[in-house]
Amino acid sequence: MDADRELERRGRAFRRAGYAVARLNQGRPLRLITLSDAEPADEGPGERVMVDLGGGARHRLEMELLARWAGLLSEGRACRGDVAPPGGWSAAAAPLAAMGRRVTRSEDENEAYLEWLRRRALGLLDLPGMWAGVEAVGEALLKDGTVDERQVSALVAGAQPPRQRPRWLQ
C-alpha cells in the first residue's frame, strides 16, 4: 500500500513539474506549485459549444492544453517508463478533450488536434535540458512539498546545457 501511495505521490509531483516547466517555457510561469493542493477544476464534457476565441484566446487555450499534456507525459515518463497508462491516454486526457471541443468541429478533429498537441508536448520534453529541468523540479517538489516560480526558473536554468557560439562566430 505504501509503494502505491509513493508512486501516486511521485506521479503527482512529476505531472505538476512537467506542467510548471512547460508553462515557464511558454513565458507563463506558475507562482507556486505544491503537492498538497487540489488539481485545478476541469470542465466537464458538457454540450459541444463553439466559442469565439478571438484576441489570442485560442492560442492561450492551445498553450494550456500543451502544458497539461507535458504534465501527463512527464508523469508517464517518470513513473511508467514512457508507457501510456493502462487503457491508453483517453481517461487521462478526458479533461483535455473537453477543452479541445471548444475549438474543434467534430470528435475526429478533436482527436487529431489532441494527438498533435501530445506530440508537440513530447517534442518539448525532448528539447536539450528540458527533461532534466522537469526531473529537477519534480525531485525538489518531492523533497520540499512546494516550489515557487523563482526556484522552478533556477532549477530549469541549471539543467540547461551550456550554449556555445558557432565556431564561425567566435
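**Entry 1: helix 4**

Which residues are exposed on the other side of helix 4? I found Asp108, Glu111 and Arg119 there. Exposed stands for over 50% relative accessible area, buried for under 20%, and partly exposed for the range in between, with a 1.4 Å probe and protein chains only. I then listed the buried residues of helix 4: Asn110, Tyr113, Leu114, Leu117, Arg118, Ala121, Leu124 and Leu125. They sit on the same side of helix 4, because they cover an arc of only 140 degrees around the axis. That arc is taken from the directions from the helix axis to the C-beta atoms. An α-helix has 3.6 residues a turn, so residues three or four places apart point the same way. The cover over the buried residues of helix 4 includes helix 1, helix 2, helix 3 and helix 5. I also checked the span of helix 4: its 19 residues reach 27 Å from first C-alpha to last, close to the 27 Å expected at 1.5 Å a residue. The expected span is 1.5 Å times one less than the number of residues.

**Entry 2: ground rules**

The model is predicted; local features need pLDDT of at least 70, side-chain atom pairs count only at pLDDT 80 or more, and totals for chains, interfaces and linings use all residues. Residues are numbered from 1 along each chain as its sequence is written, and side-chain values use heavy atoms, leaving out hydrogens and water.

**Entry 3: the whole chain**

I noted six helices and two strands in the protein chain. Their order from the N terminus is α-β-α-α-α-α-β-α. Helices (H or I, at least four residues) and strands (E, at least two) are DSSP runs, numbered from the N terminus. The chain has 170 residues, and 40% of them count as buried. I looked at contacts next (heavy atoms within 4.5 Å). Of those between residues at least 6 apart in sequence, 77% join residues at least 24 apart.

**Entry 4: the core**

How many residues does the largest nonpolar core have? It has 42. A nonpolar core is a set of buried Ala, Val, Leu, Ile, Met, Phe, Trp, Tyr and Cys residues joined through side-chain atoms within 4.5 Å. Ile33, Leu65, Trp69, Leu96, Val134 and Val137 have the most contacts inside the core. Two or more residues each come from helix 1 (2-25), helix 2, helix 3 (94-100), helix 4 (107-125), helix 5 and helix 6 (149-159). Helix 2 gives the most, with 11 residues. In soluble globular proteins, nonpolar side chains tend to be buried together. Beyond four places in sequence, Val137 touches Ala17, Val21, Ile33, Val147, Val152, Leu155 and Val156.

**Entry 5: helix 5**

The 15 residues of helix 5 should span 21 Å at 1.5 Å a residue, and the end C-alpha atoms are 21 Å apart, which agrees. Buried here are Met130, Trp131, Gly133, Val134, Val137, Gly138, Ala140, Leu141 and Leu142. Their cover includes helix 1, strand 1 (32-34), helix 2, helix 4, strand 2 (146-148) and helix 6. Gly145 follows helix 5 with a positive phi, near 85 degrees.

Is Gly138 buried or exposed? Gly138 is buried, at a relative accessible area of 0%. Outside four places in sequence, Gly138 contacts Ala13, Phe14 and Ala17.

**Entry 6: around Glu64**

Glu64 is in helix 2 (residues 57-80). I found Glu64 buried, with a relative accessible area of 10%. Which side chains make polar contacts with Glu64? Arg68 does at 2.9 Å, and Arg23 at 3.4 Å. A polar contact is a pair of N or O atoms within 3.5 Å; within protein, one must be able to donate a hydrogen and the other to accept it, and residues adjacent in sequence count only if both atoms are side-chain atoms. Beyond four places in sequence, Glu64 contacts Tyr19, Arg23, Arg28 and Met99.

Arg23 lies in helix 1 and is buried at 14% relative accessible area. Tyr19 is also in helix 1, and Tyr19 counts as buried at 16%.
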